Amino acid sequence: MMPRLKLTYIAVLAAILLPGCAMMGPDYQRPEMPVPAKFAEQADATNQAEISRTWWQLYNDPVLNDLVAKALANNTDIALAAARVDEARYGFQTAEGALWPSLSLSAGGAYQRSISPVTGRPVTQTAGAADLPLSYEVDLSGRLRNSSKAARASFLASEYAREATRLSVAGATASGYITLRALDARLALLKETLATREQALAAARHRADVGYSPKLELQQAQAEYSAARQLIPAVELAIRRQEDALSVLLGNNPRTIERGVTLGDMSVPVVPVSLPSDLLRSRPDIAQAEAQIVAADRSLDVARAAFMPTIRLTASGGYATSDLLPHGYDVFSLGGNIVQPLFQGGRLKAQAGAAVSRRDQAAFAYKKAALNAFREVEDSLAAVDRINAQQLILGDQTTALAEAYRLAGNRYRAGYSPYLEQIDAQRALLGAQLNLIQAQADHLNAIVGLYQAVGGG
């Protein structure tokens with residue numbers, strides 16, 4: 001009779017627990033993602049370069065290298081991301097700890113006076129006890145294991161988020177420094193132009209004083225001098241703001257930023273291009289999105305396991321003593337309980353449904369991150385190519401306008417053309433020179449954006 005009774009208990013227990021195994025989610029699989037064979041703007045394979053993790057060093061500016069190193073060490077956004085990694089790590093350790101038995105120590109004692117119910121006389125005693133309670137949850141449904149896996153995936157996601165932040169800070173520092181050097185180049189050009197126009201103004205004033213030229217030329221020279229002069233404060237303000245922004249990236253109060261090589265002397269890195277499928281492994285934001293899917297998957301398994309019974313084993317052992325006892329005694333207890341949810345008012349179903357929604361959200365976020373990565377690479381490749389072409393054209397235009405300005409000056413001094421012709425040539429040359437500086441900065445910054453788009457090594 002006893003064996004049959006035991007078999008009945010086993011069958012009942014299996015009927016309760018086996019559905020929990022059936023509700024466990026499948027192993028994680030990366031969502032299907034239509035990956036293009038190559039980028040539409042992808043350069044010829046012979047022109048591709050390896051993606052260096054320290055890509056900013058390819059610009060060959062020691063000051064830029066130092067600024068990026070300081071930003072990676074002191075930036076507050078990176079420090080905040082690192083603190084979030086620590087928080088996630090401790091959350092993972094907490095979830096891991098739930099898989100192990102829980103053991104604690106309790107001890108107590110008292111000096112008390114009471115009335116004996118037998119004799120009716122006061123009784124005084126000193127009593128004490130120590131106890132070691134042990135508790136362990138049998139994780140047959142996998143709830144605790146999946147909770148640990150979800151915490152681990154969240155921990156990994158936080159690490160990838162930190163890497164994404166580091167890449168963003170390195171890119172912002174490099175781009176900010178290039179922009180600063182472009183502003184320095186604009187300021188130097190404007191000061192050089194102002195000096196030239198100051199000389200022209202002095203010459204026009206002298207010619208007007210001796211009656212060699214009309215007063216109109218003097219006013220035109222004065223207007224051109226003021227036009228160049230008024231541009232300088234705006235550029236100086238932009239430089240100050242750019243230095244302040246870089247200082248914040250470095251984790252410092254606003255201060256003057258050290259300069260290295262000029263904008264024109266910066267090396268132009270070879271354009272890096274990776275295969276589209278490599279992007280899914282190299283970009284930290286995509287890796288973060290994928291880790292969040294894993295966390296959502298395992299959290300869904302945890303929500304499903306909440307329908308299953310919870311089995312907890314308990315044990316305790318200790319020692320108790322009292323003045324009223326001849327000697328102390330060992331005390332112990334062994335037990336266990338099974339709790340099976342029966343009616344929760346739909347709460348467990350709602351929690352499971354919410355977990356399914358979070359998993360779907362994570363999958364869509366992964367797809368969005370991947371599509372955005374493909375778009376950023378395409379945009380960056382196109383920007384590098386088109387801006388480089390624009391820069392070459394602006395170089396030719398600047399050369400032509402410089403020659404036109406020289407010829408206009410010669411014609412004016414020889415008396416073959418009015419002063420206005422020289423002014424027009426000078427204006428056109430200054431505009432082309434400023435546009436060329438901007439195109440040089442845009443080209444270098446486009447390469448920065450491309451390195452960020454492909455994951456920064």
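User: How many cavities of 30 Å³ or more does the structure hold?
Analyst: Two cavities of that size turn up in the structure. Keep in mind that this is a predicted model.

User: What volume does the largest cavity have?
Analyst: About 40 Å³.

User: And which residues line the largest cavity?
Analyst: The lining includes a run of neighbours, Glu 137, Val 138, Asp 139, Leu 140 and Ser 141, plus Arg 143. Ala 305, Met 308, Pro 309 and Thr 310 complete the lining.

User: Let's zoom out. How many helices and strands are in the protein chain?
Analyst: The protein chain has nine helices and five strands. In sequence order the pattern reads α-α-α-β-β-β-α-α-α-α-β-β-α-α.

User: What share of the residues counts as buried?
Analyst: 35% of the 457 residues. The accessible surface of the protein chain is about 25700 Å², and carbon and sulfur atoms make up 58% of that.

User: Salt bridges next. How many does the structure hold?
Analyst: There are 24 salt bridges. As background, oppositely charged side chains can pair when their charged atoms come close.

User: Which residue does Arg 53 pair with?
Analyst: Glu 163 is the partner, with 3.1 Å between the closest N and O atoms. Arg 53 sits in the loop between α1 (2-22) and α2 (62-74), while Glu 163 belongs to helix α4 (residues 143-209), so this bridge ties together parts that are 110 residues apart in sequence.

User: Is Glu 163 buried or partly exposed?
Analyst: Glu 163 is partly exposed, because its relative accessible area is 27%.

User: Which residues are linked with them in a network of salt bridges?
Analyst: The network holds Arg 181, Asp 184, Arg 240, Glu 243, Asp 244 and Arg 259. Among the pairs, Arg 259 and Glu 243 meet at 2.5 Å, N to O. Glu 243 lies in helix α5 (215-249) and Arg 259 in the loop between α5 and α6 (276-282), so the pair joins parts 16 residues apart in sequence.

User: Buried or partly exposed, those two?
Analyst: One of each. Glu 243 is buried, with a relative accessible area of 4%. Arg 259 is partly exposed, at 27%.

User: Where is Arg 197?
Analyst: Arg 197 is in helix α4. With a relative accessible area of 4%, Arg 197 is buried.

User: Which residues does Arg 197 touch, beyond those up to four places away in sequence?
Analyst: Glu 224, Tyr 225, Ala 227 and Ala 228 are touched, as are Gln 426, Arg 427 and Leu 430.

User: Back to the loop between α1 and α2. What is the phi of Asn 60 there?
Analyst: The phi of Asn 60 is positive, about 55°, although Asn 60 is not a glycine. Most residues other than glycine have a negative phi.

User: Ile 51 is found in that loop too. How many residues separate Ile 51 and Gly 455 along the chain?
Analyst: 404 residues, yet their C-alpha atoms are 8.5 Å apart. Ile 51 is partly exposed, with a relative accessible area of 24%.

User: On to the strands. Which residues is Val 331 in contact with?
Analyst: Val 331, in strand β5 (residues 329-339), contacts Ser 316, Gly 317, Gly 318, Tyr 319 and Ala 320, leaving aside neighbours within four places in sequence. The C-alpha atoms of Val 331 and Gly 317 are 5.6 Å apart. Val 331 is partly exposed at 39% relative accessible area.

User: Last one. Which residues form the nonpolar patch on the surface?
Analyst: Leu 103, Leu 105, Leu 132 and Leu 134, with about 410 Å² of accessible area together. Leu 132 lies in strand β3 (residues 122-138). Why does Leu 132 count as partly exposed? Because its relative accessibility is 44%, and partly exposed covers the range between under 20% for buried and over 50% for exposed.

Terms used. Residues are numbered from 1 along each chain as its sequence is written. This is a predicted model: local features need pLDDT of at least 70, side-chain atom pairs count only at pLDDT 80 or more; totals for chains, interfaces and linings use all residues. Side-chain values use heavy atoms; hydrogens and water are left out. Patches are made of residues with over 30% relative accessible area and no salt bridge: like charges are joined within 9 Å, nonpolar side chains (Val, Leu, Ile, Met, Phe, Trp, Tyr) within 5 Å. Accessible areas come from the Shrake-Rupley method with a 1.4 Å probe; for residues, only the protein chains shown count as cover. A salt bridge is a side-chain nitrogen of Lys or Arg within 4 Å of a carboxyl oxygen of Asp or Glu. Helices (H or I, at least four residues) and strands (E, at least two) are DSSP runs, numbered from the N terminus. Buried means under 20% relative accessible area, exposed over 50%, partly exposed in between (1.4 Å probe, protein chains only). On a 1 Å grid over the protein atoms alone, a cavity is a set of points where a 1.4 Å probe fits but cannot get out, and a pocket is an open set with protein on both sides within 12 Å along at least five of seven lines; lining residues have an atom within 4 Å of a point. Grid points are joined across faces, edges and corners, and a volume is the space filled by probe spheres set on the points. Contact means heavy atoms within 4.5 Å.
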